[in-house]
Amino acid sequence: MNRIEETFASLKSADRKALVPYIMAGDPDLETTAALVVELDRRGADLVELGVPFSDPIADGPTIQRAALRALDQGTTLRDVVDTVGSIRERSEIPIVLMTYYNPVLAYGIGDFSRDAAGAGVDGLIVPDLPPEEGAELSVACRRHGLTVVFLVAPTSTTDRIELVNRHTTGFVYCVSLTGVTGARGKLADGVDEFMAQVRSHTDRPLGLGFGISSPEQANEASRLADGVIVGSAIINVMEEHAGKPDLLRLVGEYVASLRAAIDRTGIDGKTPAAAPG
Amino acid sequence: MTATALPDERGHFGVFGGRYVPETLMTALDELLEVYEAAKRDPAFEDEFRYYLGDYVGRPSPLYYAERLTETLGGARIYLKREDLNHTGAHKINNTIGQILLTRRMKKPRVIAETGAGQHGVATATVAARFGLECDVYMGTEDMERQALNVFRMRLMGSRCIGVDAGSRTLKDALNEALRDWATNVRHTHYIIGSVAGPHPFPMMVRDFQSVIGREAREQILEKEGRLPDALVACVGGGSNAIGLFHPFLDDDVRLVGVEGAGHGLDTGLHAATLGLGTPGVLHGAMSYTGQDANGQIQVAHSISAGLDYPGVGPEHSYLKDSGRAEYVSVTDDEALEAFELLSRVEGIIPALESAHAIGHIARIAPEMDRDRVIVLGLSGRGDKDVQQVYGFMDQERMEH
């Protein structure tokens, strides 16, 4: 069992839900990224999704596009991100999943990348433009090095596709909460509870819910439906708001702590996770 | 397997092609493939497609013997496949007719498109107007400046033209934004991709719709010359007019030459020679040659022609390059401008800047060929849209000299 699976298993036995913050590696610079991961760990994150910047991020809305541009302007490469994870490992054992588009991995070389990433302490990968149909080569290489490859399901996925993803994903199933791209939204998508119930009926794996979750209240709602709550653009919005401030780490940390507190309200109340809020 | 039988059932041309898209779009691609396969088996669809290509687009387009161009270059006999004479002035409408008919079969009320030069945007706005569908076209703001008249044409026909200010503000970024729109509105929107690029089934489907160019050219040249041509030459951005011309000749002993935009020159870094200098990678849903740096970031292309200004290319071209069946060369901005003037002066035909690249290459090879040799050139579009831009360049040159 790798660190991601262990984390979900131990949370489950404690009847708790995972908080999975997403930040863009290299935004505003890699040193801050490393410090942020340590801060997220300290503030109650269970797993960190580390974005790898790409020039053409077709699954991302404007917030993450801007973060990617800032990281690319710093010259951030996939190689740099892998090295940064290595340096984070001196200070934190939190599971780290890289969210990267496929092309930077291809350019690095699938074999070299999976070896280096595992060596540096990366635990898994999410590749939003790689469906299971095209994922065999990456999955085989990652399995060899003990990395999980997380595949995604969406509200448009048919039953057949949910089963396909369930067969190929490792670590957890990434559930895209809405039909669209990443980015903060005013509320959780309509029908997300039916969607999650449908996914749940086809898999025993942990479910992570992401895309559009943008406030502690929404994180609380999401935690009732999923085993892990993924928050990206909302955190990057906080970073943009406080860009350049000396206490950026503390401000982002406080926001993440507020997400943690909101998610834990479910567990403390002892409400059944399946009950969707009215 | 012969090249004509490709792609395989998952959309692969050898290692190229496939589907590299967010999960949200996978079901829509399955649906599109299913509807397209059913349409192909339905004679009523073929009749409908032919009807609109005939009475609305004006097909077949002539295969014109360019006598004075031939005399001027002093070598091979040159024929022009006149896609510039189609309704809306380019080959793009062959594909948009096909896809709008499929959109109706899918009962989707809205279409979106990306456009570079504006030709595909206009061709999509045209069929959306004809069939009464809502239409939004994404266009880089840099291209909107270069092709302001095409922006007006789209609006005139009731479409919205949405400026994309991200990245290089050209075709690549328009495609990104259209894909994001599609992922958001996929339940009621069809994305009419304008080239043989993107995820399966687009490269196959767009090729099939554009193959009318090559099928007609084949019949026409047999009628006029009593034999097949020695070479076909066409410009390649995404590569839809080239693949449409080439595909019906794949199993024949005919040289296939694709011409990319060399921009300021291949050694300047400012070019659009994706097949010439790129490497295999994944962009916009397919594995294909891509203009990218060593870290897998997509580079900004450069060409005087907005339609060639793209760091990707259709996966079938990548396959044809690697298999050696087709060859790919490039022509600079300056050479294309010379060719633009040449064809205008000796034939009274003002070509699109995209097509002028193909003419630029013909100007190199025709004089080297014997007079009994025959070349067919894909004249993919007319140059009206480019006249103002070329006027600007020439004016500038005069000021500098």
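**View 1. A:L98 and its partner across the strands.** In strand 4 of chain A, A:L125 is the bridge partner of A:L98. Keep in mind that this is a predicted model. Strand 4 covers residues 124–126 of chain A, and three bridges tie it to strand 3 of chain A, with the two strands running parallel.

**View 2. The other neighbour of strand 3.** Strand 2 (residues 48–51) of chain A also runs parallel to strand 3 of chain A, and four bridges join the pair. One bridge to look for sits at A:G51, whose partner in strand 3 of chain A is A:M99.

**View 3. Which way do the side chains of strand 3 of chain A point?** A:I96 and A:L98 go one way, while A:V97 and A:M99 go the other. Side chains in a regular strand alternate between the two faces of the sheet. Are these four buried or exposed? A:I96, A:V97, A:L98 and A:M99 are all buried.

**View 4. The largest pocket, over in chain B.** Its volume comes out at about 480 Å³. The lining takes in 31 residues, and the ones closest to the centre are B:L270, B:A301, B:H302, B:S303 and B:D309. Four helices of chain B give two or more residues each: helix 6 (141–146), helix 12 (274–277), helix 14 (333–347) and helix 16 (387–400). Sorted by class, the lining of this pocket has 14 polar, eleven nonpolar and six charged residues.

**View 5. The largest cavity.** The model has seven cavities of 30 Å³ or more, and the largest has a volume of about 340 Å³. Closest to the centre of the largest cavity, among its 30 lining residues, are B:H91, B:K92, B:G238, B:G307 and B:E354. Strand 5 (110–115), helix 5 (119–131), helix 8 (171–185) and helix 11 (240–246) of chain B are the elements that supply two or more lining residues. The class tally for this lining is 15 polar, eleven nonpolar and four charged.

**View 6. The second largest cavity, back in chain A.** This one has a volume of about 130 Å³. Of its 18 lining residues, A:I64, A:T182, A:F211, A:G232 and A:S233 lie nearest the centre. Two elements of chain A give two or more residues to the lining, namely strand 9 (228–231) and helix 11 (233–241).

Technical notes:
Residues numbered from 1 in each chain as written. Chains lettered and ligands numbered in written order. Predicted model: local features only at pLDDT ≥ 70, side-chain atom pairs only at ≥ 80, totals over all residues. Heavy atoms only, no water. 1 Å grid on protein atoms, 1.4 Å probe; cavity = no way out; pocket = protein on both sides within 12 Å on 5 of 7 lines; lining within 4 Å. Points joined across faces, edges and corners; volume = space filled by probe spheres on them. Nonpolar A, V, L, I, M, F, W, Y, C, P; charged D, E, K, R; others polar. Buried < 20%, exposed > 50% of the residue type's maximum accessible area, 1.4 Å probe, protein only. Pairing = 2+ DSSP bridges.
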